[in-house]
Amino acid sequence: MLVQALLVALWAGLCSLDDGGIQLQIRKPLLAGTVTGLLLGDLEQGLIIGGTLELMWLGVNSVGAYNPPDITGGAIIGTVAGITSGGGVSVGVAFAVPAATLILQLVVLLQTYLSVHIHRAEAVAKTGDFDKVNRWHLLSGVFLFLVRAVPCFIAVFLGNTVLQDFIDWLPTFITDGLTVASGMIPAVGISMLLTMMLKKNMWMYLVAGFVCAAYLGLPILGVSLVGLVFAGIHDYNFVQNKRIEESINSMEVEGGIDL
Amino acid sequence: MTTAQNNQSVPSTEFQMTNKIYREMFIHHLTYQWSWNYERQQAAGCLYTMTPVLKRLYKDAPAEVKEKTVKRYLEFFNTHATLAPLLFGLLAALEVSTPEEEKDSITSIKTGLMGPIAGLGDGLFWFTIWPICASIGASMAVTGNVFGAIFTFVVFNIINQGVKWFGFRVGYTKGMDIINSGKSDEIIQRISGAATVLGLFVAGCLVSTTVSLTIPLEFASGEGTIVIQDLVDQIMPKLLSVLLTAFCYWRLKKTNGKETVLLIFGIMIVSIVLTYFGIL
């Protein structure tokens with residue numbers, strides 16, 4: 001069990017680093033779950049549980065500064081629970097959802113703490129040594145590795161009875177409430193994007209995008225194509241205005257010469 | 001005439017872009033969000049990805065100049081990780097061709113483009129390409145077919161890693177073209193304007209599709225029941241999502257993004273409390 005627990009923890013850590021940069025998407029439930037199944041000697045169950053969770057969480061994505069429920073940790077712990085309990089996909093899903101919510105809290109705590117590293121990095125900036133500054137960035141990777149490796153190690157090592165006890169002990173309104181919250185929190189991420197994008201006289205494009213999706217039911221690719229049309233028109237107008245401005249300026253210069 | 005102007009503005013250090021530098025940037029970018037934090041977000045990753053260029057460019061610069069450079073890249077930064085290399089390529093081109101006293105303009109281009117690129121990338125990669133690749137692979141995987149997992153892994157990564165790999169090159173060479181055209185201000189304004197329009201469309205769509213908030217409350221009235229959510233929907237679809245987003249936007253705008261963590265924890269606590277009373 002110890003060897004398996006260490007292997008799963010190592011895998012969880014790698015998925016965590018993938019989430020932070022490599023972006024092979026081994027962190028997504030489909031691949032995270034499949035390899036976890038392989039490590040536990042049951043590839044087929046890994047595929048089934050991972051695939052099910054992938055379809056379930058397909059729309060769960062980070063937007064701007066918003067962190068969704070941790071689908072990586074959720075998928076790994078769910079797969080472990082489904083395989084070791086022998087309960088398969090239904091047990092897997094039942095464990096994955098609360099596990100994802102709980103690991104998200106750890107990730108949020110870590111990402112709040114990591115701003116300390118930026119301040120340290122800024123403090124060594126006066127040496128003018130790029131390597132010394134970057135060390136704080138790379139050190140953060142160790143923390144990121146551990147934030148998912150440790151809970152996954154505990155989950156495998158202590159087994160699913162402990163997890164089950166913990167989840168049973170949690171009042172349902174807390175897990176339900178956190179699920180409700182995970183539907184609302186994307187608003188924070190989108191708002192963060194908007195604070196960077198929303199300039200004067202640009203709000204109508206936001207409204208138009210919303211109308212396309214909410215009233216007309218267009219999927220995101222359709223909305224993007226409509227957006228592309230308006231981007232083209234916006235650009236055309238911008239160039240035209242620029243030309244008019246330029247010709248007015250040159251006329252003023254000519255007028256000045258005439259006088 | 002423009003060439004002469006550009007030659008003048010090149011910093012004293014001899015800098016030549018090579019495949020080796022592109023490769024190093026790609027490898028550094030593999031750690032891009034390791035230090036992601038709520039305060040500066042991708043700032044340190046941004047500096048680390050740019051380091052292969054900056055280190056060579058500022059090889060002989062005094063420590064104060066290097067410090068200024070480091071701090072320029074440690075400012076708040078957040079964009080889409082896969083499309084970021086395009087921007088880094090452009091930034092590298094700007095670093096090489098901007099004289100030291102005008103380097104502040106790089107910061108404004110950096111912060112001006114990160115938002116639209118983030119909106120575009122989220123829409124393109126996380127809400128279009130990934131769902132297509134993953135739904136095909138996952139529907140094979142649930143039948144126990146290992147090819148499903150392999151399919152998703154291979155197809156998505158050809159696109160995803162490919163866009164990153166070539167992003168640096170395209171960003172740098174196109175960036176150099178823009179700078180050498182002598183109209184860089186106008187072209188960057190045009191790119192930023194068009195990208196903002198597209199980004200806002202995607203953001204408007206995301207408000208409707210990713211923010212979910214419903215009220216399950218029902219009241220008995222005479223024969224039937226009044227379902228609160230139905231009343232809300234009659235006013236406007238996704239009204240609650242719009243109001244919630246507007247509230248978050250107002251707080252973040254007012255506090256310059258300092259309330260991000262507070263908002264997230266606040267929403268969690270309010271959700272738990274309201275769920276307890278059966279309101280949400």
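Colleague: Which residues of chain A does the UniProt annotation "transmembrane region" cover?

Modeller: The unreviewed entry gives residues 93-116, 136-158, 178-198 and 205-233 of chain A. UniProt positions are in the numbering used here, feature names are shortened, and annotations may be inferred rather than shown by experiment. This is a predicted model: local features need pLDDT of at least 70, side-chain atom pairs count only at pLDDT 80 or more, and totals for chains, interfaces and linings use all residues. Residues are numbered from 1 along each chain as its sequence is written, while chains are lettered from A and ligands numbered from 1 in the order in which they are written.

Colleague: What is the chain made of over residues 136-158 of chain A, helix or strand?

Modeller: The chain there is 100% helix and 0% strand. Its end C-alpha atoms are 33 Å apart. Residues 93-116 of chain A are 96% helix and 0% strand, with 36 Å between the end C-alpha atoms. Helices (H or I, at least four residues) and strands (E, at least two) are DSSP runs, numbered from the N terminus.

Colleague: Which residues of α1(A) are called buried?

Modeller: Among them are W11(A), C15(A), L17(A) and I22(A). Buried means 20 or more other C-beta atoms within 10 Å of a residue's own; exposed means 12 or fewer, and partly exposed is in between, with C-beta atoms placed from the backbone. The buried residues of α1(A) pack against α2 (29-39), α4 (71-84) and α7 (130-158) of chain A together with α2 (19-29) of chain B.

Colleague: What makes a nonpolar core, and how many residues has the largest?

Modeller: It is a set of buried Ala, Val, Leu, Ile, Met, Phe, Trp, Tyr and Cys residues joined through C-beta atoms within 7 Å. The largest has 147 residues. C152(A), L47(B) and A203(B) have the most contacts inside it. Helix α6 (residues 104-141) of chain B gives the largest share of this core, 16 residues.

Colleague: How many residues of chain A are in contact with chain B?

Modeller: The count is 92 residues of chain A, against 99 residues of chain B. Contact means C-beta atoms, placed from the backbone, within 7 Å. Helix α12 (residues 220-258) of chain A gives the largest share of chain A's side, 13 residues.

Definitions and conventions: Contact = placed C-beta atoms within 7 Å.
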